[in-house]
Amino acid sequence: MAIKRGLSGGIIHRNKSNGPHSSIVVLVLFSFLVFSILFVGRCFLSSAATDQIDFSTGSSKQDLNWRERLAMQHLKSLFSREVMDVIKANTNDLGPLSLDSFRKNNLSSSWNFVGREISAAAQSKEVAANIKRETSRGKQKDTFNEDHPNLFESPAKLARRQLREKRREKRAADLVKQDDDVIVKLETAAIERSKSVDSAVLGKYSIWRKENENENSDSTVRLVRDQMIMARVYISIARMKNKLDLAHELQNRLKESQRALGEGTADSDLHHSAPEKIKAMGQVLSKAREQLYDCKLVTGQLRAMLQSADEQVRSLKKQSTFLSQLAAKTIPNGLHCLSMRLTIEYYLLPPEKRKFPRSENLENPNLYHYALFSDNVLAASVVVSSTIANAKEPEKHVFHLVTDKLNFGAMNMWFLLNPPGKATIHVENVDEFKWLNSSYCPVLRQLESSAMKEYYFKSAHPTTLSAGSSNLKYRNPKYLSMLNHLRFYLPQVYPKLDKILFLDDDIVVQKDLTGLWLVDLHGKVNGAVETCGESFHRFDKYLNFSNPHISTNFDPNACGWAYGMNIFDLKVWKEKDITGIYHKWQNMNEDRVLWKLGTLPPGLMTFYGLTHPLEKSWHVLGLGYSPSVDRSEIENAAVIHYNGNMKPWLELAMTKYRPYWTKYVKSDHPYIRSCKLSE
């Protein structure tokens with residue numbers, strides 16, 4: 001008897017014939033079949049056997065494989081010898097058994113086989129496949145379980161397994177869908193990015209580096225400069241190795257590259273022949289690299305060029321500092337023109353027309369008083385006009401201007417021609433302050449000394465760029481003017497006032513300033529914006545802390561503050577004798593051992609411990625030297641300050657800051673136009 005399971009789960013069978021002992025044989029075969037199936041299933045699970053079980057009849061024991069022998073051993077233990085003899089005797093008579101006869105026994109549906117013919121070739125293929133699958137027993141075990149899931153499972157386990165399979169299928173479908181969505185999104189993003197790529201951009205030629213094309217407008221310019229640097233390196237090496245022809249060729253290409261580059265700073269500035277020059281230079285450099293390249297020599301030449309360039313930068317920096325200081329000292333021709341024309345007009349006026357109205361407001365402590373000391377008519381006009389333009393009650397504002405003898409007529413004439421609306425204005429001459437003399441003022445006495453005259457005016461003073469650039473700042477004429485030191489004498493100039501707002505002439509007012517009179521100074525004299533956010537605005541950057549007078553009285557890390565917009569309480573000033581403190585330190589600095597020239601260092605010392613910090617938005621500084629002042633800070637500031645050399649009325653002013661100042665210049669005034677100050 002043979003039971004063969006086909007590739008599709010069927011059995012190959014012949015029509016069974018009825019013979020003697022059929023009923024007994026059927027019962028025996030049924031028992032044999034049930035036990036054989038259970039046993040063979042256990043063998044499959046333990047050894048991952050193939051799907052084909054063959055109990056061959058008509059073959060000798062030598063042809064049985066090891067599974068058949070093992071099965072026979074187990075069967076012998078289950079049946080008696082007589083039963084085994086009956087089975088062997090009837091095998092040939094019955095032929096292969098069909099399971100159709102056992103359907104009445106309600107076997108599981110998985111045992112309802114459909115018979116079909118299998119050729120010998122198919123059988124041999126199955127045997128070969130079985131041999132191959134035996135190499136992976138664990139895998140065949142799983143395969144068998146999957147082929148017969150309900151062979152050893154209860155209905156509940158079968159239902160749970162089917163539910164798990166459905167969930168797996170659903171999750172797999174969801175993951176596939178998500179992957180598809182992600183792929184679609186990535187493809188869409190790639191398409192959008194590709195639209196922004198300019199496929200017409202040509203690649204750059206460089207034998208020294210491979211770099212991706214970027215959006216920089218000076219990429220070709222930088223490539224030309226890099227080639228020129230390497231050309232200079234190889235020219236030096238070629239001469240060193242006596243390859244004069246190659247050096248001459250490199251020199252010619254270098255000149256061509258220099259002509260193509262010219263003064264260009266962007267690719268659009270280059271000559272149309274630049275690509276050809278770049279290619280030609282690249283070819284020569286490739287040739288030079290093949291013949292001359294030596295790592296040590298190239299490194300040495302580049303280091304020497306770097307040191308030379310560094311020296312040139314330092315020299316140019318000193319020269320730039322010297323020239324900027326020189327430019328800051330000079331007065332533009334337009335300002336000279338304006339001052340001269342106004343002065344002539346003023347002295348042509350009759351005396352009765354030279355007076356300003358509302359003089360009764362000059363000593364009224366209930367009004368808002370401003371102190372402005374300047375010899376620049378145009379700058380002073382911007383300060384006054386910007387303050388009035390942003391004042392809520394212009395009639396309550398009083399401006400006290402002090403200038404020198406040279407500009408007194410021009411300053412008066414400007415405000416007589418351009419009165420500040422309802423505000424009050426008064427102009428004085430500092431040279432008419434008789435109390436301000438050398439016996440009272442240490443600065444005037446020091447300016448008259450021979451040492452100070454030698455420092456300022458002696459021709460033997462160092463005039464080289466290296467020496468002059470460091471000293472020229474302190475030799476500025478403003479340090480010789482008493483207008484710069486008059487800020488330490490406010491109670492003497494305005495004895496009947498309680499509070500006064502001091503303004504420099506290089507500021508612009510953008511908001512109403514009356515709120516400063518309401519600020520509680522907490523018993524301090526000076527209300528100012530601190531500048532210690534930056535390290536160079538602390539005391540140790542202004543004062544000489546190697547001197548014991550400085551180191552024992554001041555903290556080197558104390559916060560600095562700014563002149564330019566300061567609210568002074570003149571009552572407390574008088575109580576603290578601020579002017580006397582200033583005189584004390586000024587007398588000690590006659591030989592300039594405590595600080596260099598200027599008014600900020602003595603101001604820091606005089607008002608040490610007597611300064612109340614104001615909100616930073618009241619006063620924003622740096623528009624005369626820093627290109628990185630935040631625009632929002634400028635626009636939100638009450639006062640902006642052009643401290644530094646780049647004053648807004650000079651040609652070296654920073655263009656982006658200048659409109660804040662020029663908007664308050666009366667550019668349509670005939671004197672402004674005739675002196676070309678509106679250009």
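Me: What is Leu401 in contact with, leaving aside its neighbours within four places in sequence?
Reply: Taking contact as heavy atoms within 4.5 Å, Leu401 touches Leu372, Ala380, Val384, Met411, Phe415, Ile425, His426, Val427 and Glu428. Bear in mind that this is a predicted model, where local features need pLDDT of at least 70, side-chain atom pairs count only at pLDDT 80 or more, and totals for chains, interfaces and linings use all residues. Residues are numbered from 1 along each chain as its sequence is written, and side-chain values use heavy atoms, with hydrogens and water left out.

Me: OK, and how many residues does the largest nonpolar core have?
Reply: That core has 62 residues, and Leu401, Leu501 and Leu513 have the most contacts inside it. A nonpolar core here is a set of buried Ala, Val, Leu, Ile, Met, Phe, Trp, Tyr and Cys residues joined through side-chain atoms within 4.5 Å. Buried means under 20% relative accessible area, exposed over 50%, and partly exposed in between, with a 1.4 Å probe and protein chains only.

Me: Which helix gives the largest share of this core?
Reply: Helix 12 (residues 377-389) does, with eight residues. Helices (H or I, at least four residues) and strands (E, at least two) are DSSP runs, numbered from the N terminus. There is also a second, separate core of 44 residues, which includes Leu444, Leu447, Ala528 and Leu594.

Me: Switching to cysteines: how many disulfides does a search of the whole structure find?
Reply: Two, where a disulfide is a pair of cysteine sulfur atoms within 2.5 Å. One joins Cys337 to Cys675, S to S 2.1 Å.

Me: Where do Cys337 and Cys675 sit?
Reply: Cys337 is in helix 11 (residues 333-348) and Cys675 is in the segment after helix 24 (670-674), so this pair links distant parts of the chain, 338 residues apart. The torsion about their S-S bond is about -70°, so the disulfide is left-handed. Cys337 is partly exposed at 26% relative accessible area, while Cys675 is buried at 7%.

Me: And what does Cys532 pair with?
Reply: Cys532 is joined to Cys559, S to S 1.6 Å. Cys532 lies in the loop between strand 6 (526-528) and helix 18 (548-551), and Cys559 in the loop between helix 18 and strand 7 (565-569), so the pair ties together parts 27 residues apart in sequence.

Me: Are those two buried or exposed?
Reply: Cys532 and Cys559 are both buried.
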